[in-house]
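Hi,

Here is the structure I promised to pass on. Have a look at it first, and then read my notes below.

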Amino acid sequence: MLRQWRNDAGNLEPAGGFPTPNELVETWAAETLQRQVAEGKVAPWFAAAMGAGFFGKATDDLRTPPTAKVLSKDLTYLYQKLGPNGEHLKYGIAKDPATRYTQEELGGGRLKILTSGSRQDMLRLERNLHETLPIGREEGQKFYIQKQIDRGYVPPPYAPSAP
Amino acid sequence: MKYQLVLQWPVSSMTDYDAAIAVEDVLLERLSDTNEVDGHDAGEGEVNIFIRTDDPKSAFQEVQTILGGRACWVHMRAAYREVARSEYTILWPEGQSEFSIA
């Protein structure tokens with residue numbers, strides 16, 4: 001997917017010193033989960049369930065899975081809205097992404113959960129993605145396009161993908 | 001919660017976007033516990049804030065009290081739907097006949 005985005009955007013790569021898009025997501029996801037486990041906000045079993053492994057020492061509290069209500073209150077999800085062909089449309093944050101859009105609004109596409117964490121962390125990551133990755137068809141925020149031009153990225157419309 | 005209330009207004013600059021996040025913060029802080037700010041997305045030239053509630057009209061009245069004096073209210077659109085359904089009922093502005101999330 002990320003390789004396709006880069007291709008669509010003329011093989012853009014971040015300027016020197018900036019992380020690549022997949023590094024952004026992966027680093028944040030790992031760091032966020034690790035920190036939350038260390039602070040006792042997320043149970044190790046939850047981190048493990050997300051494929052992130054075990055980061056800390058379990059306490060009695062953390063051995064008991066929290067209720068769905070507590071999870072939904074504590075966690076904010078960063079998601080990517082994808083079109084029917086898997087193309088990027090836009091990003092958003094939600095405590096409960098499952099019902100964010102109607103089937104009609106999804107238009108044959110789906111939501112892909114990129115990571116989860118505190119709202120502030122998800123806001124920061126969302127902004128980074130907007131400023132770094134190709135702009136989706138449902139975004140078109142001119143100020144993000146300008147931000148990307150300022151960073152030396154190729155603005156939309158993007159060249160068609162190579163076959 | 002049974003309903004999703006959507007607040008939508010135009011954004012055209014980073015300042016507008018930052019203001020929208022600030023509005024979301026205010027709602028998170030001041031909406032009563034029976035209403036839950038679920039998050040946001042940024043569509044084409046607009047921002048949407050999503051609120052989960054069992055009483056969308058009452059929630060909207062709270063929102064109006066909180067945001068009525070802010071700049072975003074000038075172009076505010078608000079509508080709700082049952083979580084399990086796709087039809088929106090428009091609350092604001094009065095007389096508005098169409099609502100969609102781009």
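A quick definition before the interface: I call two residues in contact if their C-beta atoms, placed from the backbone, lie within 7 Å. This is a predicted model, where local features need pLDDT of at least 70, side-chain atom pairs count only at pLDDT 80 or more, and totals for chains, interfaces and linings use all residues. Residues are numbered from 1 along each chain as its sequence is written, with chains lettered from A and ligands numbered from 1 in the order in which they are written.

On that basis, the contact takes 20 residues from chain A and 20 residues from chain B. On the chain B side, helix H1 (14-30), strand S2 (35-43) and strand S3 (46-53) each supply at least two residues; helices (H or I, at least four residues) and strands (E, at least two) are DSSP runs, numbered from the N terminus. S2(B) gives the most, with six residues.

S2(B) also runs antiparallel to strand S2 (residues 88-94) of chain A, joined by three bridges (strands pair if DSSP finds at least two bridges between them). There, A:Gly92 has B:Asp41 as its bridge partner.

Within chain A, S2(A) pairs with strand S1 (residues 76-82) in the antiparallel sense over six bridges, and A:Gln80 stands opposite A:Tyr91. The two strands form a hairpin with five residues between them, and A:Gly86 in the turn has a positive phi of about 80°. Seven of the seven residues of S2(A) are buried (20 or more other C-beta atoms within 10 Å of their own), so S2(A) is largely enclosed by the rest of the structure.

Cheers

Technical notes:
Buried ≥ 20, exposed ≤ 12 C-beta atoms within 10 Å, placed from the backbone.
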